[in-house]
Amino acid sequence: MATNFERSIQDSHQTAILKAGEPQTNLAPSQMTIEDLLEEAHQYLADADLERIRHAYELAKHAHKGVVRKSGEPYIQHPLEVALLLAGMRIDAEGIMTALLHDVVEDTNYSLDDLTEQFGQQVANIVDGVTKFDALAGKPNKAAQSLDNAPGQEPAEPVQQTLSVVDKRREKTETVRKMLLAMAEDPRVVVLKLADRIHNMRTLAAMSTVQQQNKTRETSEIYAPLARRLGMMQVQAELEDLVLSYQDPERYAWLKREVEEEVQRRMPFIDEVGRVLREEMQRAGIQAEVQAWQKHLASINRKLGYVSGQPSGADLSQLHDLVSFRILVYTDNECYLALGHIHALWRPKDGRIKDFIATPKLNGYQSLHTTVFCFDNRLAEIQIRTHDMQRTAEYGIANYWYLKDRMVKEDSSPHSWKLSYKEMVAWIEQLRQWQSELPQSADEFVEAVKGDIFQEQIFVFTPKGEVKDLPRGSTPLDMAYRIHTDIGDHCAGARIITNTDDSGRLVTRLVPLDYELKGGEIVDIMVNRTVHPTRDWLSFARTAAARNKIRRYLKTYEREINLQLGKERLDLALKTAGAVGLNALVEELLNQARNEDKTGDLRKYANRDDLYIAIGREDLQVEDVMLHLLPLVRQVNELTHGEGANPHTSKESEGSAVVKLAQCCCPLPGDEIVGMLNPSKGMYVHRSDCTRVRRHRESAKAVIELNWLQIEPETYLSPITIVAHDRSGLLRDVAAVVADAGVNMTTVTSTTNPSVHKAVITATLEVMATEGVLDQIERILRRLRQVKNVVSVERAFNAH
């Protein structure tokens, strides 16, 4: 039997096609009664529960007596409609009672204590979770509530009139934050809020244009994505369609008309496919229900690529899944049996068979998907699932209470619903952690949830096979912090293991912290105890949790970090200018600053550590300090060595400059080089013809002329490219030659072209900085050219 929620979507259909989320707009006053609600609830609840629901209704009716909504209906109709939606989802008695009472605390003189006394702590807690953030701070003036001031909607006056735009925005974000945190304790909070939002959107036509825009934007950004994440497909579909109908009514009307016409054109094909599927299931002895269903309009709109008011040019006739087929059976085994019979009927399309039964989605969704070539080679998408899977697909987390009650009554698989529930809401556990980890700012919290939870997710794997879900665009740093805070704090990069070709060959490559992870990659996080978070990390940490942990680390250790960074930056700048003796020079500079006005702002630094910290924090620029230090360097040199003395002869040196060879061009002795000063990381040495250098030539401060006598690296990196005829053991033999030479390979990748048996190996050699670096590299290249099947070995030059 169809539930009320299902009937509310399907009643208006003139065809046998099921439509997901057909939106309703109620302009006329509703005639809903408590008897309608009790009749729906009686289908699955006990008589004692119905009495409790009636009691909640009587209190709500009395509390809202005489109040009407802007749509013209008595206010009690709103909680009745919301309760009926929840009854259609088969929510338990407490959930329905809460739906009837959800606006009582916010809009009347009843308190949470009153609800606790009459209906219990659970009901009061759920009501509290959906109550506006500042509702308990002061009750609205009941005398002011009229035809124009409807509870649960946007009051025109006098309550909201005194609030500024900023105050209203703060109230809304605080309310959402409160709801999300309460949801982590009891998911019925968010199920109720989504049902409440559906009815508000159905009656949105009675609101002003500005209020419509605000509600639709909030629904689009928060509530529809939240329904999707919770697996509540029916709710998501209706909310998205209602949003589209208000945001672009002309587009919505055109799309609805065109889709109906296209579906009618396809009806002969749809009827024939459905007939064949039913006959095949009967022939196989599978008790199955075959349905044809149409995607909701907002989903079709996305598939057409309609963005920012501009259509992509795609045609409805090109969407083979405009109408799909669904086969409902009773057991998992029957799902796989039905799939086998379908593939015996029609050839499946490569890459379109998906098994979400063995591997459910994060929101609990389970089904088998296949796309087959039917009559005249026309494609048909078919989904196969059990009836329980279908309820979960439609109602997501809201299905938990129905399954729980049924499983307990039938004493069947008593732990299965617990496992399903755990899988379905595992991501909610993140919210409990965020209560203590995320900033208390409501705006930042809500934005973090929208970015980390509501956006599209990717799945990556640890080397042990553990699955980690991350927002699209995440980096190794985000994954490291997801695993453990300590791993994130010392993350030095990652090794990515991928399968690059049909031969099944695995390729391992090193990637930096800002690498964007791809779905399906195996990610091995590299940890180095000497690595620690810097402010730069905030620029490529994508998840709010990672950024917050970085900020917390910086807050704890930032003084020491800035002290070291500032000292290294200034020491590097001095050495680049040919001066040494950092601490002594800075002490003399600060002494002068205390006695003279020439040094300006430097007078406020009490000691050299304060100066270093200011440079590390970038409150003070290295270049500005150097303007004062260079004249002092000349004075010291004249006094110590006489005029014209070479400052390089000084033996005093405190600290070492942070000088690194750039990995984009990997310079070697003999190459013309320049230095590029990165204030947060030190000096990077590039080949003078590197493209990165060309882009910064215009900045005199960015590029510094260098020679090899000024730098003393411990190791050099040399990328090489090996071209060979592919054979078994090729990569092993190459690695053996390099190892025999006492040289490390920091990265190595191998790609093959099976059609021509060609292999290309790229590797980076790490050579110790001894005399004859170039000779060492040349010897290795000669030995590699002697490896069997190797065609050529050359030094590779990147980015120049």
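A residue is buried when its relative accessible area is under 20%, exposed when over 50%, and partly exposed in between (1.4 Å probe, protein chains only). The structure above is a predicted model, in which local features need pLDDT of at least 70 and side-chain atom pairs count only at pLDDT 80 or more, while totals for chains, interfaces and linings use all residues. Residues are numbered from 1 along each chain as its sequence is written, and side-chain values use heavy atoms, with hydrogens and water left out.

**Overall make-up**

- The protein has 29 helices and 20 strands; these are DSSP runs numbered from the N terminus, with helices (H or I) of at least four residues and strands (E) of at least two.
- Of the 800 residues in the protein, 50% are buried.
- Among contacts between residues at least 6 apart in sequence, 68% join residues at least 24 apart, where contact means heavy atoms within 4.5 Å.

**Salt bridges**

- Side chains of opposite charge can pair when their charged atoms come close.
- A salt bridge is a side-chain nitrogen of Lys or Arg within 4 Å of a carboxyl oxygen of Asp or Glu, and the count by this rule is 25.
- Lys303 is partly exposed, at 41% relative accessibility, whereas Asp321 is buried, with a relative accessible area of 6%.
- Asp321 and Lys303 form a salt bridge in which the closest N and O atoms are 3.2 Å apart.
- Because Asp321 lies in the loop between α14 and β3 (323-329) and Lys303 in helix α14, this pair ties together parts that are 18 residues apart in sequence.
- Arg302 and Glu240 also form a salt bridge, with the closest N and O atoms 3.2 Å apart.
- Arg302 belongs to helix α14 (residues 297-303) and Glu240 to helix α12, so the pair ties together parts that are 62 residues apart in sequence.
- Arg302 is partly exposed, with a relative accessible area of 48%, while Glu240 is buried, at 15%.
- Arg52 is partly exposed, at 30% relative accessibility.

- Two packed helices are described by the angle between their axes and the distance between the axes.
- Axes are lines fitted to C-alpha atoms, for helices over the stretch in contact, and angles run from 0 to 180 degrees between N-to-C directions.
- Helix α10 (residues 188-202) packs with helix α12 (residues 233-247) at an angle of about 30°, their axes 10 Å apart.
- This makes α10 roughly parallel to α12 (under 35 degrees is roughly parallel, over 145 roughly antiparallel, 65 to 115 roughly perpendicular and the rest oblique).
- Residues making the contact include Leu194, Ile198 and Met201 of α10 and Leu239, Leu242 and Tyr246 of α12.
- The contact residues divide into 8 nonpolar, no polar and 3 charged; Ala, Val, Leu, Ile, Met, Phe, Trp, Tyr, Cys and Pro count as nonpolar, Asp, Glu, Lys and Arg as charged, and the others, Gly among them, as polar.

**Helix packing: α28 with α29**

- Helix α28 (residues 730-740) and helix α29 (residues 773-785) pack at about 150°, with axes 10 Å apart.
- That angle makes α28 roughly antiparallel to α29.
- Val734, Val737 and Val738 of α28 make the contact with Ile780, Arg783 and Leu784 of α29.
- The residues of this contact divide into 5 nonpolar, no polar and 1 charged.
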